[in-house]
Amino acid sequence: MNSSTDTLPQIAAIDRSSAAFRVGLMVGDRVMSVNGVVPRDILEWQRLVESDDVDICVLRGRETLEFDLARQPGEPLGVSISSAVFDRIHTCDNHCEFCFIYQLPKGMRRSLYMKDDDYRLSFLFGNFTTMTRFTEADLERVIDERLSPLYVSIHSPDPHVRSDMLRNVRGGFSLRWMKVLLDHDIQIRAQIVLCPGVNDGDILESTLAGLLEQYPTLESIAIVPLGLSRFNSEDRMRVHSQTEAQLVIETVSKWQARYVRAIGRQPIHLADEFYLVAQKSVPEALHYGEFPMLEDGVGLVRSFLDSFSGNGPDLMGKQAGFFASVDVPSPTDYVRVVNPAADTGLRSPVPVPVSLSVRKQIVDKPVAIVTGSYGALVMRNALKEQDFADVAVLEVENLYFGGNTAVAGLMTFEDIHRVLSDDKGSHIYLLPDVCLNDGVFLDGGSIEDLHREFNVEVIPTSGSSLRDRLESAKREVSHV
């Protein structure tokens, strides 16, 4: 074995009541082949291990071992693989001027600077692909294996506008793949990053008209604002003003009505930031349908408000796609699979609860909610409406990234520490888990570091979870 050894998928966990444990597979074994085939990714792995009799060849240290997993009726395979893609990830060769990765400061962890354009990660985790790296072989596989839905960054269907925004001549015509996929009933969830003065105004009108004419079967079209940090070096890039955000809402509302008249449904949705910047109320839940683009910031505010008030289901952190639909016989089989480009999106698509060794809380301290500027705006009104007006909201202004990075998922250790220090530790601080990745903030600080100085509780990023904790705090105070 040589340098390719490091690319072999590694077994991350074994279910003790499974066939894998019974035959002697071990955590740390590297999978060389399954039934004589070298799997390229978790999709191919899943297909290969579906049968009751599976031959797995692994590398353990320098020794090659073969195992015959003849499963008994109802017995799970019981293997959790550590990665989603085993071969080389399809990286992005676009140079979009609005790309947030180009706006990151130096010195952050390496994974944050990786750009992927891999249709497999699009299907598995909801990562967006521009399809500029898409091939005939990829098309055949997606159709044959029904890898649906896919998430595609469009920005504009006009070849000249799109190639200009992607700074890639191939980008002007890569949407041709999307037409073929739609013709084969592959669902596509589209995204438009709206840049003021670039693809808004008349170009947005033309974009929505073009999508209706050319791709009327798109499942959804999410329109999101560009994220801008203080490290931006592109002269054309700027944030929307309040007036511009209001105009975007008016334009989209007009086209939503036209789509309903033309195709009998309304797939276009605006990201929550447009309503917050425009100082308008977010639409009601019916407007978002099944919330297909929730993880892209579309409908998060409505979902939170409804679940916090008890008027709707808690959709935050819901699992979708492959990992929700696959028939998993054991809870350890796939939940450990990690999105290799998760940091690229600078968000945690499915927040993972963080386990803390929490020091004993001082019950005579009130709780305070720690969140970003957008979250604080939403939270203060919601608390008043639900009889929690006495609960403090600590707004974390994002000085680390600057720009319009006002969402909770981009809060850093540095900024949170500053806010809690200014508050002098006078509260028990409720921190949303969406700003953490395995207990680590984007700037490298850890929740354990924060906890050494302050009483911090990490809670799931959902309205119902927050309400439960606030109700608990009320009961604690009443018993003092």
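This tour moves through a predicted model, stop by stop, naming what to select and what is found there. Residues are numbered from 1 along each chain as its sequence is written, and side-chain values use heavy atoms, with hydrogens and water left out. Local features need pLDDT of at least 70 and side-chain atom pairs count only at pLDDT 80 or more, whereas totals for chains, interfaces and linings use all residues.

**Strand S8**

Select residues 220-225, which make up strand S8; strands here are DSSP runs (E, at least two residues), helices are runs of H or I of at least four, and both are numbered from the N terminus. Of the 6 residues of S8, 6 are buried, so the strand is largely enclosed by the rest of the structure. Buried means under 20% relative accessible area, exposed over 50% and partly exposed in between, with a 1.4 Å probe and protein chains only. In a regular strand the side chains alternate between the two faces of the sheet. Ser220, Ala222 and Val224 are buried on one side of S8, and Ile221, Ile223 and Pro225 on the other.

Arginine 189 stands opposite serine 220.

**Aromatic rings**

Next, select tyrosine 429 and phenylalanine 454, both buried. The whole structure contains 10 aromatic pairs, that is, rings of Phe, Tyr and Trp (its six-membered ring) with centres within 6.5 Å, called stacked if the planes are under 30 degrees apart, edge-to-face if over 60 and tilted for the rest. The rings of tyrosine 429 and phenylalanine 454 have centres 6.2 Å apart and planes at 85 degrees, so this pair is edge-to-face. Tyrosine 429 belongs to strand S12 (residues 428-432) and phenylalanine 454 to the loop between helix H14 (447-451) and strand S13 (456-459), so the pair ties together parts that are 25 residues apart in sequence.

Then show Phe100, Tyr400 and Phe401, which form one aromatic cluster.

**Charges over rings**

Select arginine 258 and tryptophan 255: the charged end of the arginine sits over the ring, 4.5 Å from its centre. This requires NZ of Lys or CZ of Arg within 6 Å of the ring centre and within 35 degrees of the ring normal. Arginine 467 likewise has its charged end over the ring of phenylalanine 308, 5.8 Å from the centre.

**Leucine 442**

Finish at leucine 442, in the loop between S12 and H14. Leucine 442 is buried, with a relative accessible area of 7%. Methionine 411 is 31 residues from leucine 442 in sequence and 7.6 Å from it in space, C-alpha to C-alpha.

Notes. Pairing = 2+ DSSP bridges.
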